Structure formats: structure tokens, C-alpha cells
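My entries follow in the order in which I made them.

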Amino acid sequence: PTPTPTPTPTPTYFSDLIISEYIEGTSYNKAIEIYNGTGANVDLSSYALEKDVNGNGAFANTYALSGTLAHGKVYVVAYSTADAAILAETNATNNSVINFNGNDQVRLLKNGSEIDHFGTTGGADFAKDATVVRKETVSTPKIAYNASEWYTYPVNTFTYIGDHNATH
């Protein structure tokens, strides 16, 4: 008898981009990584990052993204004087939004509306002196931050920047 071939599973694609990493290292070793798991190239001109200083809920600093982000790739925005290991993986630098200290929320906007969020309100140090990486099983952007969706690594861990291992 001829064996029945096992069907190839249909990949599950993300509904939109997600924030995949937040680095809050010593000095200006700071970066945000955005991952595209949508299954298609994404025009970044519709997206921006915004920072909320001290978790007070008043998002003010905005950085508009540009270019195209291919499926399965990341886009990294870092502080201009970050460590060479971060800058080697960086697509753009910004010293306004990417100037946080572990109690500043960051959100990803699409056409001016929030689609993904990192951090908590209230000024607590939720990511001080840490590298925080989105778990590979998270495939949906979230407006509500959930700490259980993130791995936390020691200060100045730059091992994961430039690549996100998402489960599709």
C-alpha cells in the first residue's frame, strides 16, 4: 500500500507587527525591536513608536518608522551611542523615544492607533536594567501589557537583538 502523505500544516501568521524586544542597559545601551510575522512585507510608513515618560500615561515622544520590513525579520531602533553589538543590528537610531530607564512605557502605533504595548503605568521599574524578549509563542499584538508574555534577562544582554524566534 502507498502511504498517505502527511499534509503540511498551514502556517499561522500574525495579525500585525509586535514589539519583540526591549533593552534597558547601562548608560545608553537601549533599543526596541519590532518583529514582522504577518507572512508579507510591511510598509513601515504607517507605524510609529511612542514613549510614556515615567509611566504616567502621557505618551508624548513619537518616532515614525520608515522602509519595508520583510516577513520573519526585525526592525531595531536604538539610541545612537548604544553598544556596538546593538548598533550592528540597528536599522535606525533615535534619542528621544529610545531614552528610557525601565519605568517608561513604549507602544507601537499603526495609523496613529495603538496596536502593541510594553510596560505598565504608575512609574514602577518593570524593566530597569534588563533585556526583555517577547516569548516565541506570542503571535498577537496586545494593547494590555502582560509580563508573563516576556522573558527577562540581566542588564546588557545583547544576545537576542536582531532576530526573533517566533512560533508560526
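Entry: I began with S27, which is found in the loop between β1 and β2. Helices (H or I, at least four residues) and strands (E, at least two) are DSSP runs, numbered from the N terminus. The model is a predicted one, in which local features need pLDDT of at least 70 and side-chain atom pairs count only at pLDDT 80 or more, while totals for chains, interfaces and linings use all residues. Residues are numbered from 1 along each chain as its sequence is written, and side-chain values use heavy atoms, with hydrogens and water left out.

Phi of S27 is near 50°, a positive value in a residue other than glycine. Most residues other than glycine have a negative phi. I then looked up accessibility, where buried means under 20% relative accessible area, exposed over 50%, and partly exposed in between (1.4 Å probe, protein chains only). S27 is exposed, with a relative accessible area of 59%. D129 is not a glycine either, and its phi is positive at about 55°. I found D129 in the loop between β10 (113-118) and β11. D129 counts as partly exposed because its relative accessibility is 40%.

**Entry: the open sheet.** In what order do the six strands of the open sheet stand? I read β8-β7-β2-β1-β11-β12, with mixed pairing. Two strands pair if DSSP finds at least two bridges between them. β8 (92-93) and β12 stand at the edges with a single partner strand each, so one side of each has no neighbour in the sheet.

I followed some of the pairs. Strand β1 (residues 18-24) is antiparallel to strand β2 (residues 30-35), over six bridges, and E21 stands opposite E33 in β2. β2 and β7 are also antiparallel, over five bridges, with V74 in β7 as the bridge partner of Y35. β7 and β8 pair in the parallel sense over two bridges, and the bridge partner of A78 in β8 is T93.

Strand β7 (residues 74-78) is mostly covered, with five of its five residues buried. V74, V76 and A78 point one way from β7, and Y75 and V77 point the other way. In a regular strand the side chains alternate between the two faces of the sheet.

**Entry: K30.** K30 lies in strand β2. Is K30 buried or exposed? K30 counts as buried, because its relative accessibility is 5%. I noted that a polar atom of the K30 side chain lies 3.3 Å from the backbone oxygen of S27. Contact means heavy atoms within 4.5 Å. Leaving aside neighbours within four places in sequence, K30 is in contact with residues including I23, A78, Y79, I98 and F100.

Entry: E50 is in strand β4 (residues 47-52), and at 10% relative accessibility E50 counts as buried. Which side chains does E50 join by polar contacts? A polar contact is a pair of N or O atoms within 3.5 Å; within protein, one must be able to donate a hydrogen and the other to accept it, and residues adjacent in sequence count only if both atoms are side-chain atoms. I found T62 at 2.9 Å and R107 at 2.6 Å.

β4 runs antiparallel to strand β5 (residues 59-64), joined by five bridges. In β5, N61 is the bridge partner of K51. β4 and β5 form a hairpin with six residues between them, and N54 in the turn has a positive phi of about 60°.

**Entry: T131.** T131 is found in strand β11 and is buried, with a relative accessible area of 0%. A polar atom of the T131 side chain lies 2.7 Å from the backbone oxygen of T157. Leaving aside neighbours within four places in sequence, T131 is in contact with E21, Y22, I23, Y151, T152, Y153, P154 and T157.

**Entry: the largest pocket.** A pocket is an open set of points on a 1 Å grid over the protein atoms alone, where a 1.4 Å probe fits, with protein on both sides within 12 Å along at least five of seven lines; lining residues have an atom within 4 Å of a point. Which residues line the largest pocket? I listed V133, R134, E136, Y151, Y153, T159, Y160, D163, H164 and N165. β11 (130-134) and β12 (150-154) are the elements that give two or more residues to this lining. The lining residues divide into four nonpolar, three polar and three charged. For these classes, Ala, Val, Leu, Ile, Met, Phe, Trp, Tyr, Cys and Pro count as nonpolar, Asp, Glu, Lys and Arg as charged, and the others, Gly among them, as polar.
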